[in-house]
Every structure is written in structure tokens, then in C-alpha cells.
Amino acid sequence: MVVELLQKFIEAGFRKETAIQLMNSAMVLQGEENNYSTLDYAMVNLYTGELELVKIGGAATFVKRGQEVLCFDEGSLPGGVDVRMEIKSQKIQLQNGDFLVMITDGVIEYLHVRNPKETLMDIIRMIETENAGVLAETILQEVLVRTGNCALDDMTVLVTGIWEK
């Protein structure tokens, strides 16, 4: 529902900030208890390579740049919690060969280690590939090994590779 609502607002010509606020207000007005939703909004300018990231209660997002892994996890509360939701936008300059790695919270929440975010960054760092699909699959396999091959929540890994043409 959240994605469809946001998509309809954007297609109707609303700016992304307004569309997100309207989606949040609609969720709050529904009034159902515990009716919250996370949202990661990522838009890459294919001409400049600039990534704009808006995180609404979502799990961390990562950029793999060779052996370096950058982590972005500053966001707001989930949608539907408060009608006065603050929208924070981060801009990151992507480079040729970077991978954008987005995950659902189930990927990181069920890692049974002291520092799950650091462990996930180490997992991403150790994988050497130029294939986004292989990177996503290997991340998920490594996480499942550490959770006893048990997915207690939705575990989705989305990876996009950025190459200059």
C-alpha cells in the first residue's frame, strides 16, 4: 500500500517530500494501532552519478566501493507513527564500479553477533565480484549462515551496480 500510494502521488506531480508526507498522513489517519511502515527511497541521477537517499525507519543502506563500505542509517521514525514526520535526505556521489546495497530490517536484525551492522559491512567488504546479482545472493547466503539458515523475518537484499558509460 505504501509503495502504491507514494507512486500515485509522485505520478500526480507531487515533489517526493510532499508525496512522502501525504503517504505518512494517510497512514496516521487510518488510525490502526501498529500500522507502521519503513521506506527507503533512493534516486540516482544517471548523468551526474549523485544518489539521493531518504530513509524512513528503514534498515541501513550501504555503498560498496572496492574494499571500502560506506554505511547510511540515519533516518526518521517509520511512516504512520507521527503526522509531523521529519524527512531527512542524504546525497552521496557515486563512482564508477560502486554498488548500492539496500536491505530489509530482517537481514540485519537477526544476525546473532555483537555488532550486526559492522558484521554486515565486513560481509559486503569481503565479497569480490562485479556482478550485482552475485553480490546480493552472496550477502544473503552469508547472513543465513550466521542465522542458522533460519529467516525469522523478511530478508531481502537489493543491489544495484553503477558503471560509467
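By class, the lining of the second largest pocket in this predicted model has 6 nonpolar, 7 polar and 2 charged residues. Nonpolar here covers Ala, Val, Leu, Ile, Met, Phe, Trp, Tyr, Cys and Pro; Asp, Glu, Lys and Arg are charged, and the others, Gly among them, are polar. A pocket is an open set of points on a 1 Å grid over the protein atoms alone, where a 1.4 Å probe fits, with protein on both sides within 12 Å along at least five of seven lines; lining residues have an atom within 4 Å of a point.

The second largest pocket holds about 290 Å³ of space. Its lining comprises 15 residues, and the closest to the centre are Leu46, Gly49, Ile162, Trp163 and Glu164. Volume means the space filled by probe spheres set on the points, with points joined across faces, edges and corners.

A word on the basis. Numbering starts from 1 along each chain as its sequence is written, and side-chain values use heavy atoms, with hydrogens and water left out. Local features need pLDDT of at least 70, side-chain atom pairs count only at pLDDT 80 or more, and totals for chains, interfaces and linings use all residues.

Now the largest pocket, at about 400 Å³. Of its 20 lining residues, Thr38, Leu39, Asp40, Ile103 and Thr104 lie nearest the centre. Two or more residues each come from helix H1 (2-11) and strands E1 (39-44), E6 (99-103) and E7 (157-161). Helices (H or I, at least four residues) and strands (E, at least two) are DSSP runs numbered from the N terminus. H1 gives the most to this lining, 5 residues. The class count is 10 nonpolar, 6 polar and 4 charged.

Staying with H1: which of its residues are buried? Val2, Leu6 and Phe9 are, buried being under 20% relative accessible area with a 1.4 Å probe and protein chains only, exposed over 50%, and partly exposed in between. These three sit on the same side of H1, because they cover an arc of only 65° around the axis; the arc is taken over directions from the helix axis to the C-beta atoms. The face turned away from that buried side carries exposed Val3, Glu4, Lys8 and Glu11. After H1 comes Gly13, with a positive phi near 105°.

Last, the sheet. Three strands, in the order E1-E2-E5, form an open antiparallel sheet; strands pair if DSSP finds at least two bridges between them. E1 and E5 (89-93) are at the edges with a single partner strand each, so one side of each lacks a neighbour in the sheet. E2 (residues 50-56) and E5 are joined by 5 bridges, and Leu51 has Ile92 in E5 as its bridge partner.
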